[in-house]
Amino acid sequence: MSEESTALISEKNLSSYFKWPTFIAILMFPVLSLSVHNVGNACLFFLFILGIIAGVCRYKPMDISFGSLLRNYWPLHLAMVSLVIAVLLNQLSSGKFAFKYYDTALRIALFAPVFWVVLGLPLNYLKKMQWAFVAGVLIALVKIYVITAGGTLRPGNIGFLATIPFSDMVLLFGFISLISIGWNTRQEKLAIALKVLTCCVSIYVTILSQTRGSWIAIPVFAITAFMFLRNVRIRYRLAILILSLATLITVFTTSDIVKTRLAAAKSDMTLYVDRDNADTSLGVRLQLWRASWQLFKENPVFGVGRENFSDGLEALSARDIITPVVTSFSHSHNEILFNTAILGIFGLLGILSIYFVPGYYFIREIRHSDSVINTAAGMGLTLCLGFFVFGLTDMMFFWSVLGGVYSMSVAAFFACIIKRKKELKAA
């Protein structure tokens, strides 16, 4: 047997060894990461370890070496490690080093080996991920319905996640499921109906959670989905859009929960503007944003450091820039402002690159003529857009598991694009 034949057999064997473990991890994180504690983290680290083992075994998914992957997509990999760099620069400037402040940033930075090993999955395996997002939404519905007693309670946490990011992520999963309709044929009416229902369920979850930040994102996602479902007939897209918006308007005009939360927001804003009470829910958030911007202006290059954020709020309170109530908060309720305050200009560039560099790679494929590619691009761009929009009113990456979910999702969607392009080239 020739050396070339032996190499091909060895490569095939390696592929079979990595295929099933990778496939299980890629399915499990959308299904259970929002509902079962540490499943998302376990999937991320499992894929990372598989990537390390693959490197030791000289495995080359799609005949791509790890070094080639880094060179070919270096802007994407640099973006995903940018917050690690920002934390390192902050600690070098202060001379104070603590590994715990790298936690979430490192989970995003594990993207490269995760992406590499995911490339070894066949495309038809990767596409099964669409049903994992559907299952994740349905399981999350059961969890939040039980914890909120059907929406009558509003606890601070839904299990291990705060209520706001939990609601945001379920909504995001719901719209990713909706956009994945692009992977279905027009004859698969039951599958399409299930995905539309899943999206409606995700909207219902935001009502159970009483999360106003999620409601703001719904029209953005609805319009985005309408644009991305290009291989679905225009009349069907219009029907889905009208149905979604009609359901949303009906709920918003008839639900006492929604009316109460919106009335509270209006009252909070009035009290803040009139300076009668700045310590309402909305007022505290506005103060945190103002405080974060002030901390950045006073420490523009490297930031104050995460360990000094609370002390920074205390100092601003002593100067009557914010009220004492605000000093008890551990973050800014805004992803961009928080990273800007604690890590300076490098934190700002880092968090923006995490949103927009993967977004760029996805948006350039949106108009591709192949439905598999443009649908995967739409799902990926929705992911980036969702984290950006939600990050304007809360902290998504403050929860380490969500950093891993973001990294794994970007890897899976982009792998779909690369593998489909290879199929088309070989055809």
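Which residues have the most contacts inside the largest nonpolar core?

Reply: This is a predicted model, where local features need pLDDT of at least 70 and side-chain atom pairs count only at pLDDT 80 or more, while totals for chains, interfaces and linings use all residues. Residues are numbered from 1 along each chain as its sequence is written, and side-chain values use heavy atoms, with hydrogens and water left out.

Now the core. Phe 115, Phe 166, Met 169, Phe 175, Phe 387, Tyr 406 and Phe 414 have the most contacts inside the largest nonpolar core, which has 127 residues. Helix H19, residues 400-426, gives the most to this core, with 14 residues. Helices are DSSP runs of H or I, at least four residues, numbered from the N terminus. A nonpolar core is a set of buried Ala, Val, Leu, Ile, Met, Phe, Trp, Tyr and Cys residues joined through side-chain atoms within 4.5 Å. Buried means under 20% relative accessible area (1.4 Å probe, protein chains only).

Take Phe 166. Contact means heavy atoms within 4.5 Å. Leaving aside neighbours within four places in sequence, Phe 166 touches Leu 34, Ala 140, Lys 143, Ile 144, Ile 158, Leu 161 and Val 205 by that test.

Next, the open space. The largest pocket holds about 450 Å³. A pocket is an open set of points on a 1 Å grid over the protein atoms alone, with protein on both sides within 12 Å along at least five of seven lines; lining residues have an atom within 4 Å of a point. Its volume is the space filled by probe spheres set on the points, which are joined across faces, edges and corners. The lining of the largest pocket has 19 residues, and Arg 212, Gly 213, Ser 281, Leu 282 and Arg 285 lie nearest the centre. By class, nine are nonpolar, six polar and four charged. Here nonpolar covers Ala, Val, Leu, Ile, Met, Phe, Trp, Tyr, Cys and Pro; charged covers Asp, Glu, Lys and Arg; the others, Gly among them, are polar.

Helices H12 (212-228), H14 (256-273) and H15 (281-298) each supply at least two lining residues to this pocket. H15 provides the largest share, five residues.

H15 has 18 residues. From first C-alpha to last, H15 reaches 26 Å, close to the 26 Å expected at 1.5 Å a residue. That expected span is 1.5 Å times one less than the number of residues. Buried residues of H15 include Val 284, Arg 285, Leu 288 and Phe 296. Arg 285 is also one of the residues nearest the pocket centre.

Note on methods: 1 Å grid on protein atoms, 1.4 Å probe; cavity = no way out; pocket = protein on both sides within 12 Å on 5 of 7 lines; lining within 4 Å. Buried < 20%, exposed > 50% of the residue type's maximum accessible area, 1.4 Å probe, protein only.
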